[in-house]
Amino acid sequence: MAKKPSPKMGTEAAIDKQLAPQPENTKTQSLAPHTADAAGEQMNTNTGLPINDDQNSLKAGDRGPSLLEDFLFREKMTHFDHERIPERVVHARGSGAHGVFKLYKPLAEYTKAAFLNDTEVETPVFVRFSTVAGSRGSTDLARDVRGFAAKFYTTEGNFDLVGNNMPVFFIQDAIKFPDLIHAVKPEPDNEIPQAASAHDTFWDFISLMPESAHMIMWAMSDRAIPRSYRMMEGFGVHTFRLINAEGKASFVKFHWKPLLGVHSVAWDEAQNISGKDPDFHRRDLWDAIESGNFPEYELGLQIIPEEDEFKYDFDLLDSTKLVPEELVPVQRVGKLTLNRNPDNFFAETEQIAYHIGHVVPGIDFTNDPLLQGRLFSYTDTQLTRLGGPNFQEIPINRPIVPVHNNQRDGFMRQTINRGKTSYNPNSISGNDPQQVKEAAGGFVSYRERIEARKERLRNKSFFDHFSQARLFFNSQSDPEKNHIVDALTFELGKVKTIAIRERMLGILVQIDKGLATQVAYGLGLHLPEILPTNQSIPADGNPADYQSVQVDGALAKSEALSMAGTVKDSIKSRKIALLAADGADANSVKAVKDALIAEGATVEVIAPRQGFITAEDDSKIEVDQSFLTAASVLFDAVYVAGGTNAVATLEAEANAVHFLNEAFKHCKPIAAAEEAMQVINATYFSKKLPPDFSEEAVLSEGILVGRVDKNFTRLLIKMIAQHRFWEREKPRLIPA
Ligand code: HDE
C-alpha cells in the first residue's frame with residue numbers, strides 16, 4: 001500500500017516545493033530552478049565529475065592517436081552532434097521576449113476568463129515574433145507575414161493567442177495549408193529562393209486561388225516589411241468566442257495595437273538591410289528591451305453579439321475577411337509590456353510551443369474551418385519538433401499552476417509522479433486528481449447546437465473573394481497604393497512562367513482595374529478582359545466553390561487599414577545617424593544629440609574612422625561607427641554636423657554623400673547644420689530642396705537645414721516623428 005512519508009525531509013521537501021501551487025505572476029520565478037549560471041563555478045561533466053583538462057583529448061603519447069576510452073571527449077562531442085532540432089515547418093525564424101499583461105477594465109459582461117476580469121493581476125506573457133517562409137537563419141526583412149504569438153501564463157492555465165500582423169489569411173480551409181506552404185517555400189528541386197515569395201510556385205498557387213486575393217493585398221503592402229516588431233499590429237485572425245459566467249457567448253476578434261504606431265521600411269531599404277544586418281528586427285527588439293524602451297501593445301477586442309452572426313455581407317467564419325473597425329470598433333482593454341529579454345534563445349524562444357487550442361474558461365472557438373484545422377496541427381507538429389509528448393514540461397512551456405493528470409511516461413519525462421494510480425476513476429487514491437465542476441472553474445466547451453450533414457463543401461457565404469481586397473486597396477494612401485503596384489510588379493517580374501503572370505493579372509483586374517493596368521504595364525503585358533469570375537479556376541476545380549459573389553453597397557474605405565494616419569507623435573527609440581568629422585562644431589553636435597536623446601531617441605556619431613574625432617574647439621567627440629560599419633538603411637534619420645573642416649571632409653567623402661543620397665531615396669528625414677549645406681550640395685537631391693525651411697516645408701518635405709538653436713531641434717524632432725516622407729517618391733526618380 002502507498003505510504004505517505006512524514007515528516008518530509010531533504011529532497012522530498014524540495015520536490016514538494018516544486019509541486020506546490022505557485023503564487024501568482026511567477027513565470028520568472030518558476031524558471032529560476034531551471035536556470036544555470038556558471039559564474040564562479042567549476043567545470044564538470046553531465047554526471048557531475050570535475051573536469052581537469054577540457055583542452056586536450058586523451059592520446060597514446062603526446063603525438064599519438066586519440067583513444068576510444070576518452071569518455072570526456074565522447075560526452076562533449078555526442079552532445080554537440082545532437083544540438084540541433086528540426087526547425088518549425090513555418091515561422092522558423094523568430095525572436096522572443098518576456099512581458100506582462102495588465103487589464104484596464106473587468107470584462108465580466110463578456111467573459112469569465114480570470115485574467116480578463118482582474119485589473120490588479122499582472123499576467124506573465126512570453127511573445128514570439130516571426131517571419132513565416134524563411135528558415136531559422138534567414139533575414140528578418142523578407143517580404144512576408146509576421147507571426148505575433150503570445151503565451152499568457154494565467155492562474156487558470158496557459159492561454160495562447162497565436163496571431164499574425166495581418167488580420168486575414170490566404171486560404172479559407174486548413175486542408176489547403178500544406179499546399180500554400182509548399183508553394184511559398186523554396187522550390188523543391190533546387191531549394192531556391194530562400195525567404196521569398198517572388199517565385200513561380202507561389203504565384204502559380206495564388207493565381208489559382210482567388211480566395212487569397214485579399215491577403216495578397218496585405219502581403220504586397222508595406223505591412224509585410226515592418227520597421228520593427230515594436231511597430232506592427234497583431235491580429236488573432238479568426239473569430240473566437242468569449243463566454244461569460246452565465247454561459248452567454250459573444251463573438252470576438254483579437255487585436256494588438258502598438259503604442260508606437262504602425263511603421264514600415266521601403267522595399268529597396270528592406271533588401272539592403274537584409275545584407276547589412278539580417279538580424280535587424282531581432283536586434284531592434286533586443287536593444288529596445290535592454291535600454292528600457294519596453295515595447296507596448298494594447299489588447300483590442302471587437303465584440304460582436306451572437307445575434308449579429310449573419311448581419312454582415314461576409315461570413316464571420318471566413319478567415320479571408322476582416323470586420324471593418326468602422327462597423328465594430330476596437331475596444332482597448334489592457335496593455336502588454338515586453339520588459340525582459342530571454343536568458344537563453346534555444347531554451348526559451350526556440351523551445352516555446354504555442355497552440356491555438358491552449359484556452360482558458362471563458363474563451364472558446366468557432367467553426368471557422370481554418371481555425372478548426374489549426375486545432376489539430378500545433379500539438380502534432382511539436383511532437384516531432386520537440387521530440388515527444390512531454391514538451392509541455394519544458395520550463396518555458398509549463399503553466400504557472402501545478403499540473404496533475406493521468407498522463408505518464410514518454411521520451412524525456414521530467415515529472416516524478418508519486419502513487420500507484422494513473423487512471424480515472426480510481427478508488428485506491430481517492431479518485432485524485434479530481435475533475436473540476438464547471439461552477440468551480442472546470443472548462444466546458446461552448447454548448448453550440450449543431451444540426452448538419454457531413455460533407456466536403458464550402459458555404460456560398462465564403463465566395464466573395466474580391467470586395468474586401470478592393471476595400472483594402474481603396475483604403476490606402478497614394479504612396480501605399482504605389483508600393484503595392486511596385487511589390488506586385490517586382491514579385492511577378494521574378495516569375496518566369498508568363499502564363500502565371502497573366503493569370504495573376506486576371507485576379508488583379510477583379511480587385512481594381514487601375515492596379516492591374518499599372519502592374520500589366522510594368523510587366524509588359526496586356527490587361528486581360530475582365531473575366532467572368534470563375535475563369536481563373538483550375539480546369540479540375542469546382543467552379544461553384546470559387547465563383548466570386550459581388551456585394552453591393554459594401555464599405556468603400558476604412559481608415560484603419562491604412563498606415564498613413566498612424567501614431568506619429570514620438571521619436572522614442574528611433575535611431576539617428578549624426579555624420580561628423582575632425583573639425584566638427586562640438587556645441588551644435590552636443591545640442592542636437594542632447595535634444596534627441598532627451599526625447600528617447602538613440603544617436604550614433606558616424607565618422608570616416610572609429611575612435612575619436614577632434615572638434616573645432618579641440619574637444620574630443622566619441623565615434624560610434626565608421627562609414628565602413630554603418631549604413632543609412634540602419635537608421636531612421638540623419639543629421640550632418642557643422643564645422644568648417646568637418647564639412648569639407650564630409651563633402652569629399654563619397655560614403656557620406658552616398659549615406660545622404662540613400663536616406664533621401666528611402667524618404668527619411670534629413671537635417672544639417674547651416675554650414676553643412678556644402679555637404680547637401682554634393683548630393684543628387686540638392687536640386688530638389690524645398691524653396692525654404694519654414695515649418696510647413698520641413699514637415700512636408702522632410703529636409704531641414706539651418707542654424708542649430710531651440711527652434712531647429714524642435715522642428716527636427718517633429719520631422720523625425722513623421723517617420724517617412726513618401727510623397728518624395730512621386731517623381732519616381734530617386735536612385736541612390
Ligand atoms: Fe500557424 N502554424 N498554421 N498560423 N502559426 C505554426 O506550429 C498552421 C495560421 C502562426 O512563434 C506551426 O509550432 C495551420 C494562421 C504563428 O512558435 C504549425 C494553419 C495564423 C506561428 C502551424 C495555420 C498562424 C505558427 C509551425 C492553417 C495567424 C508561430 C510550428 C489552418 C492567426 C508560433 C508550430 C511560434 C506556427 C499550423 C495558419 C499563426 C505547423 C495548419 C491563420 C504566429 O503547427
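Colleague: Which element gives the most to the shell around the ligand?

Modeller: That is α10, with 6 residues. Helices are DSSP runs of H or I with at least four residues, strands are E runs of at least two, and both are numbered from the N terminus. This is a predicted model, in which local features need pLDDT of at least 70, side-chain atom pairs count only at pLDDT 80 or more, and totals for chains, interfaces and linings use all residues. Residues are numbered from 1 along each chain as its sequence is written, and side-chain values use heavy atoms, with hydrogens and water left out.

Colleague: Which elements each supply at least two residues of that shell?

Modeller: They are β3 (146-154), β4 (157-164) and α10 (369-385).

Colleague: And which residues come nearest to the ligand?

Modeller: Arg88, Arg128, Arg374, Tyr378 and Gln382, out of 22 residues around the ligand. A residue is near a molecule if one of its heavy atoms lies within 4 Å of it.

Colleague: How does the shell split by class?

Modeller: There are 11 nonpolar, 8 polar and 3 charged residues. Nonpolar means Ala, Val, Leu, Ile, Met, Phe, Trp, Tyr, Cys and Pro; charged means Asp, Glu, Lys and Arg; the others, Gly among them, are polar.

Colleague: Which protein donor does the iron atom have?

Modeller: A single one, the OH of Tyr378, 1.9 Å away. Tyr378 sits in helix α10. Donors are N, O and S atoms within 2.8 Å of the metal (3.2 Å for Na, K and Ca), and water is not among the atoms, so the site may look incomplete.

Colleague: How far is an oxygen atom of the ligand from the side chain of Arg88?

Modeller: It is 2.7 Å from an N or O atom there. A ligand nitrogen is 3.4 Å from an N or O atom in the side chain of His91. For Tyr378, a ligand nitrogen is 2.7 Å from a side-chain N or O atom.

Colleague: Change of topic. How does the radius of gyration sit against a compact globule?

Modeller: A compact globule of 736 residues would come near 27 Å, and the protein chain has 29 Å, which agrees. The radius is taken over C-alpha atoms, and the globule rule is 2.2 Å times the number of residues to the power 0.38. Along the principal axes, the C-alpha atoms fill a box of roughly 90 × 80 × 60 Å.

Colleague: How many helices and strands?

Modeller: The protein chain has 21 helices and 18 strands. Of its 736 residues, 50% count as buried. Buried is under 20% relative accessible area, exposed is over 50%, and partly exposed is in between, with a 1.4 Å probe and protein chains only.

Colleague: What share of the contacts is between residues 24 or more positions apart?

Modeller: 74% of those with a separation of 6 or more. A contact means heavy atoms within 4.5 Å.

Colleague: Now Glu233. Buried or exposed?

Modeller: Glu233 is buried, with a relative accessible area of 7%. It lies in the loop between α6 (213-219) and β5 (234-235).

Colleague: Which side chains make polar contacts with the side chain of Glu233?

Modeller: Arg223 does at 2.6 Å, and Lys257 does at 2.9 Å. A polar contact is a pair of N or O atoms within 3.5 Å; within protein, one must be able to donate a hydrogen and the other to accept it, and residues adjacent in sequence count only if both atoms are side-chain atoms. Leaving aside neighbours within four places in sequence, the contacts of Glu233 also include Phe148, Trp256 and Val262.

Colleague: And where is Arg282?

Modeller: Arg282 is in helix α8 (residues 280-290), and counts as partly exposed because its relative accessibility is 24%. Its side chain makes a polar contact with the side chain of Ser95 at 3.3 Å. Asp140 is 142 residues away from Arg282 along the chain, with 7.4 Å between the C-alpha atoms.

Colleague: Which peptide bonds are cis?

Modeller: Ile192 to Pro193 is cis, with omega near -5°, and Pro193 is in the loop between α4 (177-184) and α5 (200-207). Asn424 to Pro425 is also cis, with omega about 5°.

Colleague: What is phi at Ala195?

Modeller: Phi there is positive, about 50°, although Ala195 is not a glycine. Ala195 is in the loop between α4 and α5 and is buried at 10% relative accessible area. Ser573, another residue other than glycine, has phi near 70°.
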